[in-house]
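Keep the structure in view as you read.

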Amino acid sequence: METKLNSLNIIDDLVINPQFNKSKIKKLLDELSQETYAGPLSKYLFAAARFVREKSYGHNVFLRGLIEFTNYCKNDCYYCGIRCSNHKATRYRLSLEEILLSCEIGYKNNLRTFVLQGGEDMYFSDDKMIQIIKEIKNKYPECAITLSIGEKTKASYQKYFDAGADRYLLRHETANISHYQKLHPAKMDLNNRLNCLKNLKDIGYQVGAGMMIGSPYQTLDNLLNDLEFLSDFRPHMIGTGPFIPHEQTPFKDKTAGSVDLTLVILAIIRLLLPKVLLPATTALATLAPNGTIKGLEAGANVIMPNISPLNIRSLYTLYNNKKITDGESLEGIIKLTNALQEHGYHVTSGRGDSLMS
């Protein structure tokens with residue numbers, strides 16, 4: 001009883017004073033693990049996360065239109081289904097016209113942020129990306145453009161920003177070098193990735209970081225390192241979802257991450273960074289019935305309907321059994337909006353910028 005009371009106090013203290021303390025967070029996670037992340041203490045944590053989120057964002061949920069415009073990638077990350085060594089992948093690239101059509105569909109469905117996501121595809125040079133960004137911005141000047149295209153030079157990031165890009169998502173994956181090396185080939189470097197995040201922030205982007213929960217070889221200390229990094233770096237957005245294996249990767253036989261632990265980490269992130277934008281990810285929806293709602297109940301406030309052309313969605317497979325919906329259609333957006341309203345949430349139009357300073 002005393003241990004549980006202390007854990008309740010830790011949660012209460014985080015609500016009042018959102019500061020990372022490794023020993024306290026470890027104690028909280030230890031106690032939560034004893035109830036397999038799904039008992040009364042977890043429910044108390046989720047309630048606290050909702051309380052903190054609502055102080056800044058109310059019951060608002062922000063929708064982002066996700067456009068997966070290329071599944072080519074020069075990298076060979078051990079967990080990713082579009083890794084360059086996956087010769088069974090059917091590769092594709094969207095044309096400028098297809099990207100603009102996706103934006104048009106999103107705009108007609110009241111989406112005011114477009115997320116251009118793809119592998120590190122050298123075909124899309126800086127000049128090509130600048131053309132895409134400028135075309136979208138010219139057609140939809142009130143909309144935000146988010147890029148998620150991996151590690152680039154600071155000069156490239158600056159060009160995209162000057163062309164009109166507003167945000168950039170680059171998951172750090174793990175803040176521990178040893179763990180990073182177990183997830184990536186030797187030529188990939190955690191320090192370079194972290195430097196990219198710093199460059200993006202220095203340029204003026206709203207920046208997103210994040211990690212998988214339950215990735216192979218991940219330890220509790222790794223997760224604590226991630227939470228400490230996020231608390232120090234203070235990104236505007238944090239994307240975190242459960243690891244899901246892909247059949248054409250070295251990790252094909254690894255166990256998927258825990259949905260319940262993912263929800264707990266989402267809630268702790270919300271307490272540590274009250275004003276951060278926090279998506280309920282597709283991976284969460286893939287592993288859990290009502291995973292999107294569960295993510296919101298744990299403190300998330302962003303959903304990214306996929307507005308890519310329907311015929312290519314099954315080809316952008318970072319992991320097995322990716323959840324594919326009709327989110328691009330008017331009926332799909334209405335269905336999502338109604339489901340959120342039934343749970344007390346309000347889907348907002350507008351860009352939905354982060355309140356993080």
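Which order do the strands have in the open sheet of three strands? The order is β8-β1-β9, and the pairing is parallel. Bear in mind that this is a predicted model.

Start with strand β1, residues 60-63. Two bridges join β1 to β8, and these two run parallel. Here F62 stands opposite V302, a residue of β8. Three bridges join β1 to β9, again in parallel. V61 has V347 in β9 as its bridge partner. In general, strands of a sheet pair through backbone hydrogen bonds, either parallel or antiparallel.

Next comes the interior. In soluble globular proteins, nonpolar side chains tend to be buried together. The largest nonpolar core in this model has 90 residues. Those with the most contacts inside this core are I136, L147 and Y160. Helix α10, residues 259-272, gives the most to this core, with 11 residues. Take I136 as a place to look. Leaving out residues up to four places away in sequence, I136 touches I99, L100, C103, F114, L116 and I145. Another core lies apart from the largest one. This other core has 12 residues, among them C77, Y79, C80 and F243.

Now turn to charge. Side chains of opposite charge can pair when their charged atoms come close. The count of salt bridges comes to 13. Three of these pairs are worth a visit.

One is R83 with D76. The closest N and O atoms of R83 and D76 are 3.3 Å apart. Are these two residues buried or exposed? Both R83 and D76 are buried.

A second pair is K108 with E104. Their side chains meet in a salt bridge of 3.0 Å, N to O. The two are four residues apart in helix α4 (residues 96-108), so about one helical turn separates them. K108 is exposed, because its relative accessible area is 62%, over the 50% cut-off. E104 has a relative accessible area of 32% and is partly exposed.

D353 is partly exposed, at 29% relative accessible area. R167 is buried, because its relative accessibility is 0%, under the 20% cut-off. The pair also belongs to a network. Salt bridges that share partners join K137, D166, R167, R351 and D353.

Aromatic rings make up the next stop. A pair of aromatic rings is described by the distance of the centres and the angle of the planes. The count of aromatic pairs is 11. Y123 and F124 form an edge-to-face pair, 5.1 Å centre to centre, with 90° between the planes. Y123 is partly exposed at 42% relative accessibility. F124 is buried, with a relative accessible area of 7%.

How are the rings of F229 and F233 arranged? Their planes are at 5° and their centres 5.5 Å apart, so the pair is stacked. Both residues lie in helix α9, four residues apart, about one turn of the helix. F229 counts as buried at 15% relative accessibility. F233 is buried too, with a relative accessible area of 13%. Elsewhere, ring pairs link Y157, F161, Y168 and Y205 into a cluster.

Charges also sit over rings. R93 lies over the face of Y72, 3.8 Å from the ring centre. The charged end of R112 sits over the ring of Y107, at 3.6 Å from its centre.

Finish with two backbone details. Y37 is not a glycine, yet its phi is positive, near 60°. Y37 is found in the loop between α2 (22-34) and α3 (40-57). R234 is not a glycine either, and its phi is positive at about 55°. R234 lies in the loop between α9 (220-233) and β7 (237-242). R234 is partly exposed, with a relative accessible area of 34%.

Methods: Residues numbered from 1 in each chain as written. Predicted model: local features only at pLDDT ≥ 70, side-chain atom pairs only at ≥ 80, totals over all residues. Heavy atoms only, no water. Core = buried A, V, L, I, M, F, W, Y, C linked by side-chain atoms within 4.5 Å. Buried < 20%, exposed > 50% of the residue type's maximum accessible area, 1.4 Å probe, protein only. Contact = heavy atoms within 4.5 Å. Salt bridge = Lys/Arg side-chain N within 4 Å of Asp/Glu carboxyl O. Pairing = 2+ DSSP bridges. Phe/Tyr/Trp six-rings, centres within 6.5 Å; stacked < 30°, edge-to-face > 60°. Lys NZ or Arg CZ within 6 Å of the ring centre and 35° of its normal.
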